[in-house]
Structure formats: C-alpha cells, structure tokens
Amino acid sequence: MGGVGSMELRMCGSAEISQETEERAVGVLNDNEILELFNSRDENAVRAVSEKFGGLCGSIARNILQNSEDAEECLNDTWLKAWESIPPAKPKILSAYLAKIAKNISLNRWKSERREKRGGGAVDLVFEELEELEAFAGGDVAETAERRELLEEINRFLSRLTADKRRIFVRRYWYCDGISELAASFGMTENNVSATLSRTRAELKKYLKKRGYDNG
C-alpha cells in the first residue's frame, strides 16, 4: 500500500495547506523571519516553528498515530529534521514543508507499528478510500514516470471544487481528519460527509478517465 500513501501525501496543493495553517496556528514571527533563524543557525528557529506550527503538525501526527505520546515524539523528530535540512533547503511555503516532514515521519512510524500489529485504524480507512483511485489510475502512481502529470491533474481537479468540498477532501486525505471531526467542523452529519467524499472520489475518477487515466 506504499503507493497509496505516497499519492495521498502529495495530492493537495500548498495553497490549501497554507490556508489551513492560518486557521490552525498563530505565530509571533513570520515565515521569512523564521527561515532567517534557520539560515543563521539560531536555535531559536526550533522554538519558533514549534510555537507557530506545533498545532498543525501535531494534528497531522495525532490523526495518523492516534497516540499523543507517539505524536509528540514525531513532532520532536520533525523539528530536528527541519533543523538538519534548512539550509540547504529553501521552502517556499514553510507550513507545507513542515507538514510534509511531520506526515512522512508519522506515516513511517505508523507503517512500522502496523507491521507488528495489523488492525483497522483510522489511517487504514483513509488509505482504503484512496486505494480504488490508485488502482484506477494505473497501479503504484508513486513509482511511475507519469506521477507528476497525474498529481498536477488532481490538483487541477481540486481547484475546480467548491471551497468546502475542496477543504473536506484535503483535510481527509492530507490531515487524515476523521469523519466525525469533519462533520463537526463543517456543520454536517457524518453521513453527509461520507457521501460528499464518495461523490468527490467518483468525480475525480471520471475527471481522470477523460484525461486518459484508466487502468480498468
């Protein structure tokens, strides 16, 4: 199921992540000031990202791992990875960069634990929902030469959705938010959220089919 995870990891645009970050986290320093701390090797950079993006990255880790202690460890690893990678990395959108690190670390931990104890957790459900799209698009999209074009098509599709439908989709498949959490956030019933996601996946399949992605 590695391909599904990789597909899901990249399938939403940075603008959506930035918008969600503005709602989820408030920091004292702006992104350019924080990056300057990293570039000057000022250890206050770690405190700054923790304060500004701890809510965002913590939410991602908790949604994936369903364990506060494990999520906290992944957060610490996220800040360390950021410290080690900036510079030379020059993130255009710091929130998206850190969210991606947090998600990769959390998913790797989840996969490791899942190998030891298999079960139907929240992340399994998210991947199951996306598995049909991966198979439809042509197998392990993360390993194909066409993955960039495919993911660009997915982002174009998302840009055509209404704001609420796009945000529900992004929060489900980027943040791994639960159905109940989405229902509460958008003032919908859980059945309506599930139906919205199902319709959006069906619309995405139809959209991709018109553009030549059809493995079935």
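Helices here are DSSP runs of at least four residues, numbered from the N terminus. With that in hand, hello everyone, and let me walk you through this predicted model.

How many helices does the protein have, and how many strands? It has 11 helices and zero strands. So if you read the elements from the N terminus on, you get α-α-α-α-α-α-α-α-α-α-α.

A few overall numbers, before we look at details. The protein has 216 residues, and buried ones make up 46% of them. It exposes about 11000 Å², with carbon and sulfur atoms supplying 45% of that area. Now take the contacts between residues at least 6 apart in sequence: 72% of these join residues at least 24 apart.

Let's go to a pair of helices. Two packed helices are described by the angle between their axes and the distance between the axes. Our pair is H4, residues 44-65, and H5, residues 68-85; their angle is about 135°, and their axes lie 8 Å apart. H4 and H5 are therefore oblique to each other, since angles count as roughly antiparallel when over 145 degrees. H4 passes H5 in a right-handed crossing.

Who makes the contact? On the H4 side, the residues include Val-46, Val-49, Phe-53 and Cys-57, and on the H5 side they include Cys-74, Leu-75, Trp-79 and Trp-83. By class, the contact has 12 nonpolar, four polar and two charged residues.

Please find Trp-79 on your screen, in helix H5. Is Trp-79 buried or exposed? Its relative accessible area is 6%, so Trp-79 is buried. Leaving aside residues up to four places away in sequence, Trp-79 touches Val-46, Val-49, Ser-50, Phe-53, Gly-54, Cys-57 and Leu-98. There is also Ala-102, 23 residues from Trp-79 along the chain, and the C-alpha atoms of these two are separated by 8.6 Å.

Next stop, helix H9, which spans residues 163-173. Eight of the 11 residues in H9 are buried, so this helix is mostly covered. Which ones are they? The buried residues of H9 are Arg-166, Arg-167, Ile-168, Phe-169, Val-170, Arg-171, Arg-172 and Tyr-173.

What does Glu-153 touch, not counting residues up to four places away in sequence? Its partners are Tyr-207, Leu-208, Arg-211 and Tyr-213.

Key:
Residues numbered from 1 in each chain as written. Predicted model: local features only at pLDDT ≥ 70, side-chain atom pairs only at ≥ 80, totals over all residues. Heavy atoms only, no water. Helix = DSSP H or I, 4+ residues; strand = E, 2+ residues; numbered from the N terminus. Buried < 20%, exposed > 50% of the residue type's maximum accessible area, 1.4 Å probe, protein only. Contact = heavy atoms within 4.5 Å. Areas by Shrake-Rupley, 256 points an atom, 1.4 Å probe, with all protein chains shown as cover. Axes fitted to C-alpha atoms, helices over the stretch in contact; angles between N-to-C directions. Parallel < 35°, antiparallel > 145°, perpendicular 65-115°, else oblique. Left-handed = near helix turned anticlockwise from the far one by under 90°. Nonpolar A, V, L, I, M, F, W, Y, C, P; charged D, E, K, R; others polar.
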